[in-house]
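Dear colleague,

I am passing on the structure below, and my notes on its surface, fold and aromatic rings follow it.

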Amino acid sequence: MKRRCLVVAAVGLLALTGCSSPAEQPSQPNPAPGAAPATAPKPSGPYPFGTVQAKAPAIKDGKVGQVRRITTDKPYVFITMDDGAIKDPSALEEIKNSAGHPVLFLNERYVKGHEDYFKAILDSTGAVLGDHTVNHPNLKGKPLAFQQKEICDDADELKAGLGTRPTLFRPPFGNFDQNTLLAAANCGMRVSVLWSASVNDGVVQFQSGDKLRPGDIVLMHFRKTFKEDYEAFLAQAKKDGLTPVPLADFLG
């Protein structure tokens, strides 16, 4: 009788073990290499930011190519910020909260003495540094040596102060000549970037049509109206069904 009870108890124990639900099992101790945990956050963008999506025009005859907008069939738009004259204290949080990933085309004359301000933006927001010359002169018609000094010195000083040497260039006022494109290449730039829309005093201004288009490169500045301008850009992009993404990913 005692032996029979032991057998019944053993069978009951096996039955309980066999009915354990999968949720009660221990987690896999050795997941496959590269496998993401179940709680891994989803990507915040439409593609993995920081990966090359398109190439900049090739350097030809020793001169960088130039772009005004990006050719794309995706609903993407790009924001750029020039100069650095006014250090709006709200800029860091504005950019960080929106995930706009701008390119900052900075002049060393405005960065000097304020390196911490711009470094915080670059380090915390996914922004990319661009070259805009030291003193923001009109380069068109100037000798090659003059243009090269403005572009090269800006890149070198930004590297020293912010830890990154830019490779994207924007000519001040959008004015340039063939010497500009040659000087930019000689200074290690990969491309010259213009724009196809801009924001001033909280109003988006279009070079063509009455809305932002996929591939538009938008210009704004570090001015007193930084907050109004940036929020106007974000609102217009949303209205037009566009997502701000990093311009640098399309100038690989």
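Predicted model: local features only at pLDDT ≥ 70, side-chain atom pairs only at ≥ 80, totals over all residues.

Of the 252 residues of the protein chain, 40% count as buried.

As to the fold, the secondary structure comes to seven helices and ten strands. Among the contacts in the protein chain with a separation of 6 or more, 75% are accounted for by residues 24 or more positions apart.

Turning to the aromatic rings, the structure holds eleven aromatic pairs. One of them is formed by Tyr-76 and Phe-250, whose rings are arranged edge-to-face, at 5.8 Å centre to centre and with 65° between the planes; the pair counts as edge-to-face because that angle is over 60 degrees. This pair links distant parts of the chain, since Tyr-76 belongs to strand β2 (residues 76–83), whereas Phe-250 lies in the segment after β10 (243–244), 174 residues apart from Tyr-76. Tyr-76 has a relative accessible area of 8% and is therefore buried, and Phe-250, with a relative accessible area of 6%, is buried as well, the cut-off for buried being under 20%.

Ring pairs also link Tyr-117, Phe-118, Phe-222, Phe-226, Tyr-230 and Phe-233 into a cluster.

Methods:
Residues numbered from 1 in each chain as written. Heavy atoms only, no water. Phe/Tyr/Trp six-rings, centres within 6.5 Å; stacked < 30°, edge-to-face > 60°. Helix = DSSP H or I, 4+ residues; strand = E, 2+ residues; numbered from the N terminus. Buried < 20%, exposed > 50% of the residue type's maximum accessible area, 1.4 Å probe, protein only. Contact = heavy atoms within 4.5 Å.
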